[in-house]
Amino acid sequence: GSLGEAMFFIDRASGTATVRDRQGDLFQVSCRTYEDGPPIEKGKQVLLVDYNPQQHIFYVTESRVKTGA
């Protein structure tokens, strides 16, 4: 899945992340953690792992991938 950043606190009830597409354009996406997943603090890197087309939301987990220099 794509990597993004938690724009706000993310839990199983609400959340928003920013994600860049392949062209570098920045998007905001609605997201949630899975029911058994821990909440994610604002500013943490997230991994989009699934999409719910009925609710138009992505499911995310906190990314363990290190980025930067």
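1. From the N terminus onward, the elements of the chain follow the order β-β-β-β-β. This is a predicted model. The chain contains five strands and zero helices.

2. Overall dimensions come next. The C-alpha trace of the chain spans about 35 × 25 × 20 Å along its principal axes. A compact globule with 69 residues would have a radius of gyration near 11 Å, and the chain agrees with this, having 11 Å. Of the 69 residues in the chain, 29% are buried. When contacts between residues at least 6 apart in sequence are considered, 38% of them join residues at least 24 apart.

3. The pairing of strands may be read from β4. Strand β4 is joined to β5 by six bridges, and the two run antiparallel. Within this pairing, Val46 stands opposite Glu62 of β5. Strand β4 also pairs with β1, again in the antiparallel sense, over three bridges. Here Glu5 has Gln45 in β4 as its bridge partner.

4. The turn between β4 and β5 deserves a separate remark. These two strands form a hairpin, with four residues between them. His56 lies in the loop that connects β4 and β5. Although His56 is not a glycine, it has a positive phi of about 60°. The residue is also exposed, its relative accessible area being 56%. A reader inspecting the backbone may wish to look at this residue in the model.

5. How many salt bridges does the structure hold? It holds two. One of them is formed by Glu35 and Arg12, whose closest N and O atoms are 3.8 Å apart. Glu35 lies in the loop between β3 (26-32) and β4 (45-52), while Arg12 lies in the loop between β1 (3-6) and β2 (16-20), so the pair ties together parts that are 23 residues apart in sequence. Both Glu35 and Arg12 are exposed.

6. The side chains of Arg64 and Glu62 also meet in a salt bridge, at 3.9 Å from N to O. Arg64 is exposed, with a relative accessible area of 67%, whereas Glu62 is partly exposed at 30%. Glu62 has already been named above as the residue of β5 that stands opposite Val46. In general terms, side chains of opposite charge can pair when their charged atoms come close.

7. Aromatic residues form a further group. A search of the whole structure finds two aromatic pairs. In the pair of Tyr34 and Tyr59, the ring centres are 4.9 Å apart and the planes meet at 5°, so the pair is stacked. This pair links distant parts of the chain, with Tyr34 in the loop between β3 and β4 and Tyr59 in strand β5 (residues 57-62), 25 residues apart. Is Tyr59 buried or exposed? Tyr59 counts as buried, because its relative accessibility of 17% is under 20%. Tyr34, by contrast, is partly exposed, with a relative accessible area of 32%.

8. The pair of Tyr51 and Phe58 is tilted, with 4.7 Å from centre to centre and 50° between the planes. Tyr51 is partly exposed, with a relative accessible area of 36%. Phe58 likewise counts as partly exposed, at 24% relative accessibility.

9. Thr18 is buried, with a relative accessible area of 19%, whereas Arg20 is exposed, with 53%. Apart from residues up to four places away in sequence, Thr18 touches Gly4, Glu5, Met7, Leu26, Phe27 and Gln28. With neighbours within four places likewise left aside, Arg20 is in contact with Asp25 and Leu26.

10. Two distances complete the account of Arg20. A polar atom of the Arg20 side chain lies 2.7 Å from the backbone oxygen of Gly24. Between Arg20 and Met7, the C-alpha to C-alpha separation is 13 Å in space, and the two residues are 13 apart in sequence.

Notes:
Residues are numbered from 1 along each chain as its sequence is written. This is a predicted model: local features need pLDDT of at least 70, side-chain atom pairs count only at pLDDT 80 or more; totals for chains, interfaces and linings use all residues. Side-chain values use heavy atoms; hydrogens and water are left out. A salt bridge is a side-chain nitrogen of Lys or Arg within 4 Å of a carboxyl oxygen of Asp or Glu. Buried means under 20% relative accessible area, exposed over 50%, partly exposed in between (1.4 Å probe, protein chains only). Rings of Phe, Tyr and Trp (its six-membered ring) pair if their centres lie within 6.5 Å; planes under 30 degrees apart count as stacked, over 60 as edge-to-face and the rest as tilted. Contact means heavy atoms within 4.5 Å. A polar contact is a pair of N or O atoms within 3.5 Å; within protein, one must be able to donate a hydrogen and the other to accept it, and residues adjacent in sequence count only if both atoms are side-chain atoms. Two strands pair if DSSP finds at least two bridges between them. The radius of gyration is taken over C-alpha atoms; the globule rule is 2.2 Å times the number of residues to the power 0.38.
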